[in-house]
Amino acid sequence: MDWLPGAASSYAAELDTIFWVILAVTGIVLVGVQVTLVYFLVKYRGREGRRASYVEGSTKAEVIWTVIPAVLIVGIAVASQRVWSQVKNPDRFPADALELNVEARQFAWSITYPGPDGELGTEDDFTRYNEMRVPVNRPVVFNMTSADVVHSFFVPAFRIKQDAVPGLNTRAWFEATEVGEYELACAELCGVAHGLMKGKVVVLPQDEFEGWLAGLGE
Ligand SMILES: [Cu+2]
């Protein structure tokens, strides 16, 4: 049984591991708390002749239930720091990446490609809507902004979700590891047609992508 959408980016597997570890830790705590709650409900239920007693609290118990979650949270943060900084820290983005511009608006994605010269901001740049084409096994860095309200670039298969904010240039990256078509959705409620703000990411073999780029997207 597949619990998560098929992973198709270079960092997806590591993020999934973090997800499962956190789910396991919080799942154990959830079950433990609920079982204890039900046990106490039964054990201390009202009975003939039993008097309620006033409990002032227990410093020992309070220290335990503060320290254990604190250690768990700090532990999770430390353990996942390396992956998150690799995914989110612009200083650590891959150097040899293909660079694209992405602009979100109500209710579409526009993607600007560098054209045959491989450089953005030149004459041969071209823009396409709601379909991002990228080469397989090559990092793609994109500069993202929004023309109106906050949107969010979400490709579940790549485990990437990044807000697009008006007035900000946000950089994000991914490296697709499998040729195919993947859903691109807006993950920030952005207006009446938010639910229709869908696109796709098409991952092509390297040479096919190069040919398409050289042909100005024809
Ligand atoms: Cu949106």
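Predicted model: local features only at pLDDT ≥ 70, side-chain atom pairs only at ≥ 80, totals over all residues.
Mentor: Two residues are in contact when heavy atoms of theirs lie within 4.5 Å of each other.

Trainee: Which elements do the buried residues of H2 pack against?

Mentor: They pack against helix H1 (12–43) and strand E8 (170–175). The buried residues in H2 are Ser80, Val83, Ser85 and Val87.

Trainee: How many residues does H2 have, and what distance does it reach from its first C-alpha to its last?

Mentor: H2 covers residues 59–88, which is 30 residues, and reaches 40 Å, close to the 44 Å expected. H2 also has a kink of about 50 degrees, centred on glutamine 81.

Trainee: What arrangement do the four donor atoms around the copper ion make?

Mentor: Start from the ideal: four tetrahedral donors have angles of 109.5 degrees. Here the copper ion is coordinated by His151 (ND1), Cys186 (SG), Cys190 (SG) and Met197 (SD), at 2.0 to 2.4 Å. The angles subtended by these donors run from 94 to 123 degrees, so the arrangement is tetrahedral. Histidine 151 belongs to strand E6 (residues 151–155) and cysteine 190 to the loop between strands E9 (180–186) and E10 (198–204), so this pair ties together parts 39 residues apart in sequence. Histidine 151 and cysteine 190 are both buried.

Trainee: How many aromatic pairs does the count come to?

Mentor: Rings pair if their centres lie within 6.5 Å, and planes over 60 degrees apart count as edge-to-face. The count comes to 15 aromatic pairs. In one of them, phenylalanine 19 and tryptophan 20 have ring centres 5.2 Å apart and planes at 75 degrees, so the pair is edge-to-face. Ring pairs also link Trp109, Phe142, Phe153, Phe158, Phe174 and Tyr182 into a cluster.

Notes. Residues numbered from 1 in each chain as written. Heavy atoms only, no water. Helix = DSSP H or I, 4+ residues; strand = E, 2+ residues; numbered from the N terminus. Expected span 1.5 Å × (residues − 1). Bend = angle between axes of the 7 residues up to and from the residue. Buried < 20%, exposed > 50% of the residue type's maximum accessible area, 1.4 Å probe, protein only. Donors = N, O, S within 2.8 Å, 3.2 Å for Na, K, Ca; no water. Tetrahedral: all angles 85-135°; square planar, octahedral: opposite > 155°, others 65-115°. Phe/Tyr/Trp six-rings, centres within 6.5 Å; stacked < 30°, edge-to-face > 60°.
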